[in-house]
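This report describes the nonpolar cores and the salt bridges of the model shown below. Please keep the sequence and the structure in view while reading.

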Amino acid sequence: MFVKSLPMHRSTVAHFPSQTINPRLIAPCEHKLRGSRDFSLYCKGTTDMSAVDLCIRDSFARTCVAQVIACTPLHAGKSSKGGQNGHPQSLSHWAVQLSQSVLYAEGGGQPTDLGTLTVADGGTPMPVIDVQRALSGTIVHTVANEEPIAVGATVTVELDWDRRLDHMQHHTGQHLLSAVAEILVGAGTLSWEMHPLKDGEAAATSAVSVELDIDQLSSAQVQAIQDRCNDEIRAARAVTSTVVNPTEAEQVAASPLFRGTLPPLDKIQDGLRVLEIDTLDRNPCGGTHLTSLAQIQTLQIVSASRTKGHAVVSFLAGRRAQAALAASLRREARLNTLLGCGAADHEAAVQRLLDQRRDATKALRAASSELAGFLGRQAVSDVPQGGAALIQRQGADLQHLSDIAAAAAEARPDCTLLLTANDGAARSATADVPGMFLVAGPPAAVKAVGPAVSKALSGKGGGRPGRMQGKAAQLQHGPAALQAITDILRDTTDASTLT
C-alpha cells in the first residue's frame, strides 16, 4: 500500500484511558500533500459506536468476542476492494459489521489485518479476507462463507498475529527511520509504501520504501541512518499514544519532536491521536504500533536509490529482516560448496568465472566464425553458375547462419543460399520441425524465390534486398524448398536479371 504524505504511522499502541472513545480519534487518517513539506491530516470518523477498534486501544490484543450487527452479501464487482489473499468477491462473501473487533481496517498506508470469525458453540472458523472502513466510519469485515452469519450471533474474532506483528514492526520502523533521517540529514518524509508479505514470497523482495525530501543520500549517510536506528532499537525507547484536544494539539505541534503540520483545528474538535517515540518523535497516526522500539528487533536498509529527484530508502525490519538473513546464509552455504571457497572469496571466485566465460565465449565465437566460413565456401564450391544450395544446421543461431551466408556470398556472389536451423531437439521421423530460415543471394533472386520458400517451409519472413529471414513450422521440407528455388532460377528467361 502506498501513501503520499508525511507518514502517519510512526508510533505505537497505547491504552486509551476511557471506554467512551469517539471513533474520530481512532479512525485512519487521510493525508493530503499541499507542497514539498506541508502536509495536513484529516481524520475521518463518525459518532456511530457500533464498531469499536480494540486494536487501537491495544495492538497486542489477538482475540475478542463480538456480536454481529449486520451481514449483507457482496456481489462480484460490487465491493470497493478485493480480499488481500486472492479470494474473488462473490455471493459467498459477506460484509459483516461487528460490535467490536481486534482487526485493523486498512488505512493510512497500513494494510488490512486478516483473521477469522467463529460462531459460538463450535462453529467452523470463517476467514476474514479484508477489513475496510466505510465513509460513515463503520468497520466492514469481508468474510468468506457459504452462508450468512445471523444478526445478533456471538462470534469470536481471531487475529492473524504473524501478519499484524510484521506490519507493526515495519510501521513503527518507518516512523523511526523517518525521525532519524530528519535528525541526521534534515530529510523529511514525503511518502512511504508497505505491502503485506505473501505466502512463499522472499522477504528480501518485500522491503518497505520511504521517499525522503532530499536529492540523494551518500553511502555514509545511509550507514549512519541505519546505525542510529539500531542504536535506538537497542535503547528500547517507549512508543506511546495519547489523545489531545485542539489546544493540546497546538502545544504538541510546538514541541521540537513534532514533525509535519497539524490538521486544521476544526477537523480535530473531537481530539487527535498522537504517537510518540520517547525523545525522538511525535506524529499524528491512526495505525497499530509496537510499544517499544526493542520489539522491532532490527532494521536493515537494503537499498538507497534516487527517483524523481528524491532519495528512496528501502528497509527490512524484524522477522522479514531475520528471514532475509537466514535466506542469505543458506545461499552463502550453497555458494561455499559450488565455488569451493569461503564467503570472503565469493566475489573473486565469481569474477574468475565471469572472466573465464568471457574468454570462452570469445574463443567459441572465433571458432564458430571460422566454421561458418568453411561451411559457406564448401556449400557453393560445386554449385552451377547462378544456382542454389541448402545448408541445414541444428542448434545454430541467426548470427551463425548469417556468417555462413556472408562467406558463401564472398566466394560465389552469383549463388542463392537457403539456410535453416532448428533447436536440435529429438523428434519422430514424421514430426514437424520448427525453426528459423535465411535466404541470401542476389537481390533479384531472393525477391523471386522468397514466396516459394515461405510456402514450402510454412513460414513467414521479411528482410532487405539480398536477404530474407523468418520463422518456419516445417523445416523438414528444406529439400523441397531448394527444388522450388532451383526451378524458379532455371525457368527465368534471362538469368542475368537475377544477378
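## Nonpolar cores

The largest nonpolar core comprises 54 residues, and those with the most contacts inside it are Val96, Leu117, Ile149, Val157 and Leu177. A nonpolar core is here a set of buried Ala, Val, Leu, Ile, Met, Phe, Trp, Tyr and Cys residues joined through side-chain atoms within 4.5 Å; buried means under 20% relative accessible area, exposed over 50%, and partly exposed in between (1.4 Å probe, protein chains only). Helix H2 gives the most to this core, with 7 residues. Helices (H or I, at least four residues) and strands (E, at least two) are DSSP runs, numbered from the N terminus.

Isoleucine 149 is in contact (heavy atoms within 4.5 Å) with Val68, Cys71, Val96, Leu117, Val119, Met126, Val143 and Val155, its neighbours within four places in sequence being left aside. A second, separate core has 18 residues, among them Val380, Ile404, Ala408 and Ala421.

## Basis of the model

The model is predicted: local features need pLDDT of at least 70, side-chain atom pairs count only at pLDDT 80 or more, and totals for chains, interfaces and linings use all residues. Residues are numbered from 1 along each chain as its sequence is written, and side-chain values use heavy atoms, with hydrogens and water left out.

Side chains of opposite charge can pair when their charged atoms come close. With a salt bridge defined as a side-chain nitrogen of Lys or Arg within 4 Å of a carboxyl oxygen of Asp or Glu, the count comes to 18 salt bridges.

One of these joins the side chains of aspartate 53 and arginine 133, at 2.7 Å from N to O. Aspartate 53 belongs to strand E4 (residues 52-53) and arginine 133 to strand E9 (residues 126-133), so the pair ties together parts that are 80 residues apart in sequence. Aspartate 53 and arginine 133 are both buried.

## Further salt bridges

Aspartate 162 pairs with arginine 319 in a salt bridge whose closest N and O atoms are 2.7 Å apart. This pair links distant parts of the chain, 157 residues apart: aspartate 162 is in helix H2 (residues 161-185) and arginine 319 in helix H5 (residues 318-339). Aspartate 162 counts as partly exposed because its relative accessibility is 47%; arginine 319, at 37%, is likewise partly exposed.

Aspartate 215 forms a salt bridge with arginine 306, with 2.6 Å between the closest N and O atoms. Glu182, Arg259 and Asp281 are linked in a network of salt bridges.
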